[in-house]
Amino acid sequence: MSTSYRSEIHRFGAPAETRDLHIDEAVALVRDGDAIAVLLDVVQPEQLDTWWADPAYPEVIPHRSLSGVANTGVAVGPMQFLENEKLVVGLADYFAYAGRFNGQLRNTAFARLIHDALHIDTVQVGTWAEFPLTSKREFQPKKEGIYSVPPHCDAIHFSRDPGNWPIGENYSELKNQISVFLSVADSNEGTGLVFWDYRPQDFTQLHTLMAEFFANQSIPQLEDVPKLVVRGKPGQLHVLNTRVMHAVEQCQAVRRTIGAFLVRHEDSWRMFH
């Protein structure tokens with residue numbers, strides 16, 4: 001029998017709601033557009049170091065795109081901005097990493113937690129290739145800049161080079177891509193996760209919005225749309241609709257997360273990172 005957890009439910013333009021939820025119920029709320037974020041009290045603080053030190057994860061290395069951020073393995077986001085030969089080489093590296101580590105990543109406490117709740121499968125390409133399952137991230141506090149992760153959205157089918165990207169628009173049966181992560185370490189006040197009720201329609205529109213931010217540190221298209229800031233705490237499992245534009249504020253202390261993305265395909269939840 002699955003466990004229910006004290007949960008915070010966050011929506012645009014409404015106060016947070018608190019009630020007990022199972023993990024699959026939280027995911028369903030975000031999947032169906034009934035919540036932007038659900039935070040569940042899943043792991044006790046004294047257990048978090050054990051989750052982070054899980055030997056199944058490879059070494060944390062500097063992120064390929066984000067300054068002050070380190071992660072395990074290869075993340076999907078930077079792959080989506082590559083094109084031509086660089087994309088082909090990047091995908092070879094991405095799939096090779098998954099082939100080497102997915103077997104042990106399946107046995108991490110995080111992957112088992114999500115699998116037990118949702119009976120997840122992998123994102124598979126062809127007969128053998130899989131997307132990596134899960135990763136750890138570590139964010140260092142910085143004095144400069146508004147965000148540690150700038151405004152963007154997550155969509156598995158977006159790519160600068162759609163002809164060579166292995167996932168098409170018809171892959172996901174949902175409009176919403178879900179991010180699910182466990183907060184392992186954060187500042188006392190919690191790092192703000194900022195959401196805007198704005199969904200880029202394709203990679204070109206997303207790239208234009210991100211270029212606007214990098215040029216001017218603001219995006220006019222987001223100024224008049226509903227906005228939500230969510231602050232969690234270590235031990236909470238975050239279930240987020242990251243198909244909308246969102247960003248992560250600069251952290252005030254070392255911030256650590258263990259997480260993945262979820263999409264729905266062929267009546268099954270698929271997990272990847």
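Buried residues have under 20% relative accessible area, exposed residues over 50%, and partly exposed residues fall in between (1.4 Å probe, protein chains only). The model is predicted: local features need pLDDT of at least 70, side-chain atom pairs count only at pLDDT 80 or more, and totals for chains, interfaces and linings use all residues. Residues are numbered from 1 along each chain as its sequence is written, and side-chain values use heavy atoms, with hydrogens and water left out.

**View 1. D267 in the loop between β16 and β17.** Helices (H or I, at least four residues) and strands (E, at least two) are DSSP runs, numbered from the N terminus. D267 sits in the loop that joins β16 (255–265) and β17 (268–272). Its relative accessible area is 65%, so D267 is exposed. Phi of D267 is near 60°, a positive value in a residue other than glycine.

**View 2. Helix α6 and its buried face.** What length should α6 have? The expected span of a helix is 1.5 Å times one less than its number of residues. For the 14 residues of α6 (residues 203–216), that gives 20 Å. The end C-alpha atoms are 20 Å apart, which agrees. F203, L206, L209, M210 and F213 are the buried residues of α6. Seen down the helix axis, they fall within an arc of 130°, so they line one face of α6. That arc is taken over the directions from the helix axis to the C-beta atoms. T204 and A215 are exposed, on the face turned away from the buried side of α6. Strand β10 (147–152) is included in what covers the buried residues of α6; contact means heavy atoms within 4.5 Å.

**View 3. The two ends of α6.** At the start of α6, a side-chain oxygen of D202 comes to within 3.3 Å of the backbone nitrogen of T204. A polar contact is a pair of N or O atoms within 3.5 Å; within protein, one must be able to donate a hydrogen and the other to accept it, and residues adjacent in sequence count only if both atoms are side-chain atoms. Just after α6, Q217 takes a positive phi of about 60°.

**View 4. Helices α1 and α5 packed together.** Two packed helices are described by the angle between their axes and the distance between the axes. Helix α1 (residues 23–31) packs on helix α5 (residues 109–118) at an angle of about 80°, and their axes are 8 Å apart. That makes α1 roughly perpendicular to α5. Axes are lines fitted to C-alpha atoms, for helices over the stretch in contact, and angles run from 0 to 180 degrees between N-to-C directions. Angles of 65 to 115 degrees count as roughly perpendicular, under 35 as roughly parallel, over 145 as roughly antiparallel, and the rest as oblique. On the α1 side, I23, D24 and V27 make the contact; on the α5 side, L113, A117 and L118 do.

**View 5. Helix α5 and the residue after it.** Is α5 largely enclosed or largely open? Seven of its ten residues are buried, so α5 is largely enclosed by the rest of the structure. The buried residues are A109, F110, A111, L113, I114, A117 and L118. Just after α5 comes H119, with a positive phi of about 55°. H119 belongs to the loop between α5 and β6 (121–122). At 58% relative accessibility, H119 counts as exposed.

**View 6. T72 in strand β5.** T72 lies in strand β5 (residues 69–72). With a relative accessible area of 1%, T72 is buried. A polar atom of the T72 side chain lies 3.0 Å from the backbone nitrogen of K136. Residues up to four places away in sequence aside, T72 touches Y57, P58, E59, V60, Y97, S135 and K136.

**View 7. F139 in strand β9.** F139 is part of strand β9 (residues 135–139). Its relative accessible area is 3%, so F139 is buried. Beyond its neighbours within four places in sequence, F139 has contacts that include G68, V69, S148, V149 and C251. Also among them are A253, V254, R255 and T257.

**View 8. R256 in strand β16.** R256 lies in strand β16. At 27% relative accessibility, R256 counts as partly exposed. Not counting residues up to four places away in sequence, R256 touches W52, R137, E138, L182, S183, V184 and A185.
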